[in-house]
Amino acid sequence: MVDQMVRPVVDNMRQAMSTDPQFVALRNENPKFGPLFDDFMASEFEHSLATTKAAMPALIDAMARAYARRFTIEQLTAISAFFDTPAGRAFVDQSMTIMSDPDILAVQRKMIAEAVTGLQKRAETFAGKVVEAAGKDD
């Protein structure tokens, strides 16, 4: 279940980064860059998977408290009864894979690409401001 939640996000991140013009230029300039990136993304997937699995017990407890604050016992009973129906079971079966739907993946890729675009330049600008601010304290 956790794999089905994490994999589409990491795959989308890989796809968005792979199509970034700076990434493409780096990959074309240095043949070692591609395998290094693949190793990095595999490591990020494993890290995200482990982090998510470790957080699941706390997340489930937090979700239980959140549902308890928002729904009455009667509502929770009705929701539970829904999950015992064929439609409810179908919802549960499909809900874990919904993030891998092509429409959702396309929107995520666009969001990631927009977030990544210019990130290096913005980070350099920020670093320059930090250095400048540190120099003013002297």
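This briefing describes the pockets, a surface patch and the salt bridges of one predicted model.

Local features in this predicted model require pLDDT of at least 70 and side-chain atom pairs count only at pLDDT 80 or more, while totals for chains, interfaces and linings use all residues. Residues are numbered from 1 along each chain as its sequence is written, and side-chain values use heavy atoms, with hydrogens and water left out. The largest pocket holds about 490 Å³ of space, and Arg14, Arg27 and Asp38 are linked in a network of salt bridges.

**Largest pocket**

- A pocket is an open set of points, on a 1 Å grid over the protein atoms alone, where a 1.4 Å probe fits, with protein on both sides within 12 Å along at least five of seven lines; lining residues have an atom within 4 Å of a point.
- Its volume is the space filled by probe spheres set on the points, which are joined across faces, edges and corners, and for the largest pocket this is about 490 Å³.
- The largest pocket is lined by 16 residues, of which Ile60, Met63, Tyr67, Phe83 and Met96 are the closest to its centre.
- At least two lining residues come from each of helix H3 (33-70), helix H4 (73-83) and helix H5 (86-95); helices are DSSP runs (H or I, at least four residues) numbered from the N terminus.
- H3 makes the greatest contribution to the lining of the largest pocket, with six residues.
- The lining of the largest pocket comprises 14 nonpolar, two polar and no charged residues, where Ala, Val, Leu, Ile, Met, Phe, Trp, Tyr, Cys and Pro count as nonpolar, Asp, Glu, Lys and Arg as charged, and the others, Gly among them, as polar.

**Second largest pocket**

- The second largest pocket has a volume of about 220 Å³.
- Its lining residues include Met17, Asp20, Phe23, Phe37, Val116 and Gln120.
- Helix H2 (21-29), H3 and helix H7 (119-137) each provide at least two residues of this lining, and H2 gives the most, with three.
- By class, the lining of the second largest pocket has seven nonpolar residues, two polar and one charged.

**Nonpolar surface patch**

- Leu59, Met63, Tyr67 and Phe71 form a nonpolar patch on the surface, with about 350 Å² of accessible area together.
- Such a patch is made of residues with over 30% relative accessible area and no salt bridge, its nonpolar side chains (Val, Leu, Ile, Met, Phe, Trp, Tyr) being joined within 5 Å; accessible areas come from the Shrake-Rupley method with a 1.4 Å probe, and for residues only the protein chains shown count as cover.
- Phenylalanine 71 is located in the loop between H3 and H4.

**Salt bridges**

- The model contains two salt bridges, each defined by a side-chain nitrogen of Lys or Arg within 4 Å of a carboxyl oxygen of Asp or Glu.
- Arginine 14 and aspartate 38 form a salt bridge through their side chains (3.1 Å, N to O). This pair links distant parts of the chain, with arginine 14 in helix H1 (residues 2-18) and aspartate 38 in helix H3, 24 residues apart.
- Aspartate 38 also meets arginine 27 in a salt bridge (3.8 Å, N to O). Here aspartate 38 in helix H3 is joined to arginine 27 in helix H2, eleven residues apart.
- Arginine 14 is partly exposed because its relative accessible area is 26%, between the limits for buried (under 20%) and exposed (over 50%), with a 1.4 Å probe and protein chains only.
- Aspartate 38 is partly exposed at 33%, and arginine 27 is partly exposed at 33% relative accessibility.

Definitions and conventions:
Patch = residues over 30% accessible without salt bridge, like charges linked within 9 Å, V, L, I, M, F, W, Y side chains within 5 Å.
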